[in-house]
Amino acid sequence: MIKIGPPPRLLRPVLAPRLPITKLVRRRMRQFVDILEPVIWARKKAAEEQGSDYQKPDDMTQWMIDTVDKVGHKEVVDIAMEQTVVSFSAVNSTAQFTSLA
């Protein structure tokens with residue numbers, strides 16, 4: 001039996017985007033962004049319309065929106081992608097912690 005090792009480092013950038021798991025992760029991230037993007041736009045619109053009367057939600061998404069507004073304007077898609085990465089990291093950390101318990 002022949003053992004097949006990992007591909008050479010030079011070929012990894014070419015092969016990685018074609019792997020099924022990479023395609024699945026990208027598709028899931030796009031789905032999450034599609035869900036979160038309207039939420040971010042709605043919050044920005046409500047904040048503009050209501051002005052100082054707007055009561056901000058107390059969650060991480062709002063914190064990220066506020067931080068981006070303070071430091072500089074970023075695209076809504078970027079905020080959603082960052083929220084996606086944070087969510088994936090939280091799920092991964094929780095899964096690792098519970099598997100060790």
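Modeller: One cut-off to start: buried means under 20% relative accessible area, exposed means over 50%, and partly exposed is in between. By that rule Lys56 counts as partly exposed, because its relative accessibility is 47%. Bear in mind that this is a predicted model.

Biologist: OK, what does the side chain of Lys56 meet in a salt bridge?

Modeller: Asp66, at 3.3 Å from N to O. Asp66 lies in helix α3 and Lys56 in the loop between α2 and α3, so the pair ties together parts that are 10 residues apart in sequence.

Biologist: How many salt bridges does the structure hold?

Modeller: Five. Some share partners: Arg30, Asp34 and Glu37 are joined into one network that way. Within it, the side chains of Arg30 and Glu37 meet at 3.9 Å, N to O.

Biologist: That sits close to a cut-off, I guess. What is it?

Modeller: A salt bridge needs the side-chain nitrogen of Lys or Arg within 4 Å of a carboxyl oxygen of Asp or Glu, and 3.9 Å is the value for Glu37 and Arg30.

Biologist: Switching topic: what do the buried residues of α4 pack against?

Modeller: They pack against α2 and α3. The buried residues are Val76, Ile79, Ala80, Gln83 and Thr84.

Biologist: Why that kind of spacing in a helix?

Modeller: An α-helix has 3.6 residues a turn, so residues three or four places apart point the same way.

Biologist: And how far apart are the end C-alpha atoms of helix α4?

Modeller: They are 37 Å apart. At 1.5 Å a residue, its 25 residues (76-100) should span 36 Å, so the two agree.

Biologist: Last one: which residues form the nonpolar patch on the surface?

Modeller: Leu11, Val14 and Leu15, with about 230 Å² of accessible area together. Val14 lies in helix α1, residues 12-15, and is partly exposed, with a relative accessible area of 42%.

Methods. Residues numbered from 1 in each chain as written. Predicted model: local features only at pLDDT ≥ 70, side-chain atom pairs only at ≥ 80, totals over all residues. Heavy atoms only, no water. Patch = residues over 30% accessible without salt bridge, like charges linked within 9 Å, V, L, I, M, F, W, Y side chains within 5 Å. Areas by Shrake-Rupley, 256 points an atom, 1.4 Å probe, with all protein chains shown as cover. Helix = DSSP H or I, 4+ residues; strand = E, 2+ residues; numbered from the N terminus. Buried < 20%, exposed > 50% of the residue type's maximum accessible area, 1.4 Å probe, protein only. Expected span 1.5 Å × (residues − 1). Contact = heavy atoms within 4.5 Å.
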